[in-house]
Every structure is written in structure tokens, then in C-alpha cells.
Amino acid sequence: MTARRAAGYLLGVALVIAVWQLSSELSSGLIPGPAPAIRYLAAHPAEAAWSTAVTLIDAIGGYAVASAMAVAGVAVYELGDLGESTVETVREILHSVTPVAWSLALLILLGFSSRLVPILVSGLSAFPPLETSLIEGLNASRARFGDLAAALGLRGLRRLAYIDLPASVPYFASGSRSALGVALIVSPVAEAFGTAGGIGYGLYLFFELHQYAAFEAWSLLLVLVMVIIDLGALRPIERWAMKWME
């Protein structure tokens, strides 16, 4: 990392903190500033760790669901025009449904205590960006290795298994960054609607109790989790995938 880039990151963080503090000042303290939120987090490390673990399980579970759906989707996409139009239609419909609607529908179906609700909601929301990346990889593989597949006599699912899916790994890795980010954002929405535990549940609980410093602390916790995962795992994986693709 260059010094100029590091300075840019620090400047961005300072700008966000300044706007946060200014909002607190303008609201006469009704919106707590950064200091009370940080103090709350520091005073409740076990509670923060448990909520983070629950949300990560929900988000990673949702990402796993989205990955399975995306691989099944490209298998259908490989079947020809009918398969392509079917997958694209399903992807567009799922992309258009808000996570709130998914949450309410699945809570009615599975019950308010089900841990499957945030997992399925984040999975259904993470599927469209991941499927889009996989289809891009599939089309790139067709253009690059079409003659090779024809020479080897590979068609349909055999071509998908031996050529297209391996060639699409860089696209899958790139799409995973967006998909896991979506899952992390969406899973707290479902947690807030009815399941016990997780950062989303904490956000809803503290807001209802008018504990706004704790509410902001859990919001800050979600931001920190997303930044750490993005910088520590997703960006390195994406860079590795891009090098492989080159």
C-alpha cells in the first residue's frame, strides 16, 4: 500500500467521523456521537462478539445458498435458449424483490424463531450478482474455448464441468465479493424482523429501547465487520482471481 493511498483511507475515515460528530452536535446530542458508540462497544466485547458470530453464520450460510443456486443456474443456462431465458428471468425477478418482502414471507412460512430466515433471505438477495458474474464467465469461456470444446466433443453438462466452470472461477471469485457483501448487508434486515441474535436483532432491540448509543455501536460493528472481511479476505481473493484470469 502506498503512502498516498493510506492517507486517502485515513482522510475518508476522518471525514465520516467528522460528519457523524457534526450530526450529533446539530441534533443537540439526540444522535450520539462516535465516542459513546465506541465506549459501548468497548464495554460489551462478549455481546459484540456473539452478535458478530451469529451474523457471520447467517451471511456465510446465505452465500453458500446463493453459490449453490448460481451453479445450478449456469447448468440450466447451458441447455440453450430456453435455459438462458429461464435463468435470466428468474435472476431479474429475484433481483427486483426487496429483502423486506423476503423476510416477511419467510417468517410467515418458517416461523419467527427459525434461523433459516436470515440465511435464506441473504441467499436469495446474493444470488443475482453472483449469477451475473458466473454467466459472464460462461460466455467468456464459450468465446475462448469454443473450438477446444468442439474438438474434444464436449457438450452440455460435460462441457460445463470440464471447461466452463473451471474457466469461470475468476468470475465467480469476483462476483463473490459483491455477493458476500450483499449477504452481510441483508442478513441483519432479516434478523431485525424476528429472529433472536445477530447484529440486526441488536439494532432493532436497542432502537425499540431508545438506547441510541448502543444502536449506533451495533451499526458501527456491522461496518467494521464488512470492512475487515472486504480488506482481509475478499479483495485478496479477487486480486488472485484476476491474476489467474490474465
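Figure 1. With a relative accessibility of 56%, His-210 counts as exposed (buried means under 20% relative accessible area, exposed over 50%, and partly exposed in between, with a 1.4 Å probe and protein chains only). The model is predicted, so that local features need pLDDT of at least 70 and side-chain atom pairs count only at pLDDT 80 or more, whereas totals for chains, interfaces and linings use all residues. Residues are numbered from 1 along each chain as its sequence is written, and side-chain values use heavy atoms, with hydrogens and water left out.

**Figure 2. The whole chain, for orientation.** The protein holds 10 helices and 0 strands, and its C-alpha trace spans about 70 × 50 × 30 Å along the principal axes. Of its 246 residues, 39% count as buried. Among the contacts (heavy atoms within 4.5 Å) with a separation of 6 or more, residues 24 or more positions apart account for 72%. An unreviewed UniProt entry lists residues 48-233 as "domain: ABC transmembrane type-1"; UniProt positions are given in the numbering used here, feature names are shortened, and annotations may be inferred rather than shown by experiment. Over residues 48-233 the chain is 88% helix and 0% strand, with the end C-alpha atoms 21 Å apart. The annotation "transmembrane region" in the unreviewed UniProt entry covers residues 53-79, 100-121, 179-206 and 218-237. Of these spans, residues 100-121 are 77% helix, with end C-alpha atoms 9 Å apart, while residues 179-206 are 82% helix, with end C-alpha atoms 28 Å apart.

**Figure 3. Aromatic pairs around Trp-218 and Phe-215.** The structure holds 5 aromatic pairs (rings of Phe, Tyr and Trp, the last by its six-membered ring, pair if their centres lie within 6.5 Å; planes under 30 degrees apart count as stacked, over 60 as edge-to-face and the rest as tilted). One of them joins Tyr-40 and Trp-218 edge-to-face, at 5.9 Å centre to centre and with 75 degrees between the planes. Because Tyr-40 lies in helix H2 (residues 34-43) and Trp-218 in helix H10 (residues 212-245), the pair ties together parts that are 178 residues apart in sequence. Tyr-40 is buried at a relative accessible area of 16%, and Trp-218 is buried at 0%. Another pair, Phe-207 with Phe-215, is tilted, at 5.8 Å centre to centre and 55 degrees between the planes; Phe-207 is partly exposed at 43%, as is Phe-215 at 27%. Ring pairs also link Tyr-40, Phe-206 and Trp-218 into a cluster.

**Figure 4. The largest nonpolar core.** This core has 44 residues, of which Leu-41, Val-121, Trp-218 and Leu-221 touch the most other members (a nonpolar core is a set of buried Ala, Val, Leu, Ile, Met, Phe, Trp, Tyr and Cys residues joined through side-chain atoms within 4.5 Å). Two or more residues come from each of H2, helix H3 (45-77), helix H4 (81-96), helix H5 (99-110), helix H6 (116-152), helix H8 (169-193), helix H9 (199-208) and H10. Neighbours within four places in sequence aside, Leu-221 is in contact with Leu-41, Ala-48, Thr-52 and Ile-199.

**Figure 5. The crossing of H3 and H4.** The axes of H3 and H4 come within 7 Å and cross at roughly 145 degrees (axes are lines fitted to C-alpha atoms, for helices over the stretch in contact, and angles run from 0 to 180 degrees between N-to-C directions). H3 contributes Met-69, Gly-73, Val-76 and Tyr-77 to the contact, and H4 contributes Gly-83, Glu-84, Val-87, Glu-88 and Leu-94. These residues divide into 5 nonpolar, 2 polar and 2 charged (Ala, Val, Leu, Ile, Met, Phe, Trp, Tyr, Cys and Pro count as nonpolar, Asp, Glu, Lys and Arg as charged, and the others, Gly among them, as polar).

Figure 6. Phe-172 is partly exposed, with a relative accessible area of 23%. Not counting residues up to four places away in sequence, Phe-172 touches Tyr-63, Ser-67, Leu-130 and Leu-134.

Definitions and conventions
Helix = DSSP H or I, 4+ residues; strand = E, 2+ residues; numbered from the N terminus.
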